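Biologist: Hi, could you walk me through this model? I'd like to begin with one chain and then move on to the contact.

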Amino acid sequence: MAPMELIIELLLMPLVAFVVGMMMVLMMRRIAAKLQRRIGPPFFQPLYDIVKLHSKQTQISHGLIHDIGIVMAMGGYIAAETLLPVPGMTGIAEKGGIITLLYLMMIPSLGLALGVGQCANPNGSIGIARALTAMLAYDIPLVIVIFGVAYAAGTTNLVDIIAVQQAGGFETWGAVQMPVLAIAGLIAMHASLGKQPFEIYIAPAEIATGPMVEMSGKYLGGLFVMQCFQLYTTSVLYVSLFLGGGTTWFDFLLKSFLVLAIPVSIAYLFPRYRTEDLLRLMWKWPVMLGLIGVAFVL
Amino acid sequence: MTLTLLDELLLFSGVTVLVAMLLGRRLPAGWMVTILYGIQLLALMKMAPLGYGGEPISSALTFEVMGQTLSWRFDALSWYFALITLGSALLSSWYACGEWEQRFRQSGGNLWLFHLAMTLNVFSMLILLASGDLLSLFIGWELVSWAGFLLMAMAGGVATKAAMRYITYAMAGAMAIFGGIALVYVSAGSLQYEAILTAASQMSTAHLWMLVILFGAGFGIKMGLMPFHLWQAPAYAETPGPGSAFLGAISSRMGLFAILLVLVKLFGIVNIDSLKIPFTLIDARDLLAWIAVFTIIFPTFTAMKQNDARQLLAWHGIGQGGYMLLGLVVADAMGAAGGLLHVFNHATYQAALFMAVTAVIHRTGTADLNKLGGLVVRMPLTFMVLLVGIIGLAGLPPMNGFVSKWLVYRSLLNEGMPLLFVAAVIGTLGTILSVYKLIHNIFLGQLRIEHDNVKEAPWSMMIPMLILAAIIFITGLLPGIPLAWVASVQQAVGLPVSDYTLGGVESASGSLDMIWVIGVLFAGFGIGALIFYFAGGRSKRVHQLDNYAGGHFLTADVRYQYSDNFYAGLMHLIGGWYRGSFLWLEQSVKSLVEFLSLGMQGLYRRANAEFYLLSTALFVIAWVVI
């Protein structure tokens, strides 16, 4: 590949992710509105929100690490997007693979954790402690699922994993070949989004929105951007692992939005779990399903 | 007799011990010793071809003892471990020079003993690494054990108690190793490596089992493998600062070196694989792998509960040893490379972490995670070193720990071992939780009023820390540098060699190129920074007490820091699983020994001649009858 082409891909992939991610935020809000019998926000609302937050007059910083944390939270996802193949663009997906992507996706969380820590607010710190605990809960079933998929495909290279699924049409999709793993993956993916009933680390009624308690203006704006990337990354990763990726942009986006709609719809129907209940749930059902699924694969 | 390069190295090392012993009471002793470590490192560098597949170098010195030849030699394996040993010794010793030394002396520490113990440790480790047969290996092993004891025990009080516990374990291990050596001699008729290598393939199953258990347990004790791990954390944590950095970096890896040499190289991983455990589906190699993952998980989650920064790090040191063993036991090209690379990586970040924590103790007088907080504004560079260190320890990109763990994961995936893979990841997740607690409770959150005047660590301590941080990052960016040494170690011990590049590993089933990954990551940070600093309004820095407190006003005397019972929600669920079973096990062994010795004592203290006569007679009758 020509270097110029690669650079354009590396720039385009995060940009696409951001735009699609904003539309996913919109979809999430529209679904919530439908379920709560409201009209919901207009099409450009996510963009308005980001612009508004960045241009606020009062921007409270609690120190350099607070700033760097937000930069890391955004930057980590921008980097992660280049490892996630989309139709027609693979970026550097072949130089990292799925394990690297999984670990690169922890960098934004680490940045956020550092930034929140610097704020010196116990609500924020409790939120981070809970968020990391949640990560310990859902990452265990998630890695079982990823193990199963990578072992079945015989590679950790996401491009190859997608190619294997596309080789025989619908029948070779991960979800058809490994349905048990696909269910386990869906549950783990839901928890990783941090939406109800798993939003233990936001918990506005208990810890005053946890990590966001000291975030104002562009700090909150940065987290908003991060959420766009997070929704995009999570659903696209699921589509790449189980739904055969995308051959065209149309079916790629259709699949991604549909996959995301499942946890989002469930989220607005449920209240919140306690931390230990999340752990118990995650370590029991998706882990069990995942192990059964892996046993089929081996 | 002409001196070989190896003789020069050992000679320099011996001279360093002498200098520390004779001139150690003079003031610039620390600098002298540090320079001498530097000279040793230069002598080691003259042997650098070893790290790139060069021929082994023998010592000119050999002994004949009871028909056995004792010899010393260096190959790629010895060179690799010696490099880590001398590197961590040089930097720890450098760190100790200057302000730390003065403070240590003022607070009543014995500086002479400290330098002597350090130099003895390095010297004995080099002797162990250079061993050319099982007898010289055993001599080196004993020297290392006792030198370690000296360094651990020197602080007195709690430290002596921890060191006594260590030496009890170490002696038990030495007994096992000695038994193993005797067994090898019986079956192979020689203690030379070449003779054992040929004899190993013809050994009976029972014989090999016995040897694996004896050597595995003996060397495993030094590594802190489950269930012999209890001694390590208290012993390392109580050693004076730079000493714990050195011990934490390399000391217990001597156990791994010996396992590599004896179990992997001499007995061969294939032979071990053929040892089936009756009535189960697993073999000796699976057993070792499971010991490795339990060594990863249990100490890591014990670390998470620690409230002393040094204890926390020392417990992680045990856990990380599990990754090294796991990679080696999987023993394919990637796994072995990962396990071996982790030895180097672990040494770099563990030393940096212990140094950073020692710097905090130097400035604030405490390592209690409930009595610190907010120090990032006072000690930003130390914070940065600790941050680099914990990213390495947790095994996240862009630091070097990621590469070695990635290799281990990949090998488990390739070999289709899902449970071991998941267990290894659980260890990593637990590490992330634990190290966030470490950095949060020391450097983030509220700065205490009594720490308002704390200064950054002095430069004498800062420079070695920054060098280590740089090494952690550079070997993360260009893992090909250490992977070249690792490849020649793999060759030397007869393991398959992976296809490495400067930026990582090349493989048909998924490659890794850290140069690209890190390049993109930093580009991402750059774009993030552009958005944050130029697309948003100007931010205003506020005081830490200018904070949301649910309508209350915060004042300096309000403790507004969340530190104790940090993972409360997690502990609700798993708190009950910490049962101290291994402590109980240790206690019961101790009680049993006490009981037996009491019984023995009672027997002959009574001096009852009739009783002895009667029992001897009964014994004889029983023997004759049966």
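Biologist: How many helices and strands are there in chain A?

Modeller: Chain A has 14 helices and one strand, where helices (H or I, at least four residues) and strands (E, at least two) are DSSP runs numbered from the N terminus. This is a predicted model, so local features need pLDDT of at least 70 and side-chain atom pairs count only at pLDDT 80 or more, while totals for chains, interfaces and linings use all residues. Residues are numbered from 1 along each chain as its sequence is written, and chains are lettered from A and ligands numbered from 1 in the order in which they are written.

Biologist: Thanks! What share of chain A counts as buried?

Modeller: Of its 298 residues, 63% are buried, meaning 20 or more other C-beta atoms, placed from the backbone, lie within 10 Å of the residue's own.

Biologist: Now the contact: how many residues does each chain give?

Modeller: Chain A gives 72 residues and chain B gives 61; two residues are in contact if their C-beta atoms, placed from the backbone, lie within 7 Å.

Biologist: Which element gives the most on the chain B side?

Modeller: That's α22(B), with 12 residues. The chain B side divides into 38 nonpolar, 18 polar and five charged residues. Here Ala, Val, Leu, Ile, Met, Phe, Trp, Tyr, Cys and Pro count as nonpolar, Asp, Glu, Lys and Arg as charged, and the others, Gly among them, as polar.

Biologist: And which strand of chain A pairs with β6(B)?

Modeller: Strand β1 (residues 60-61) of chain A does, in the parallel sense over two bridges; pairing takes at least two bridges found by DSSP. I60(A) has K540(B) as its bridge partner in β6(B).

Note on methods: A residue is buried if 20 or more other C-beta atoms lie within 10 Å of its own, exposed if 12 or fewer, and partly exposed in between; C-beta atoms are placed from the backbone.
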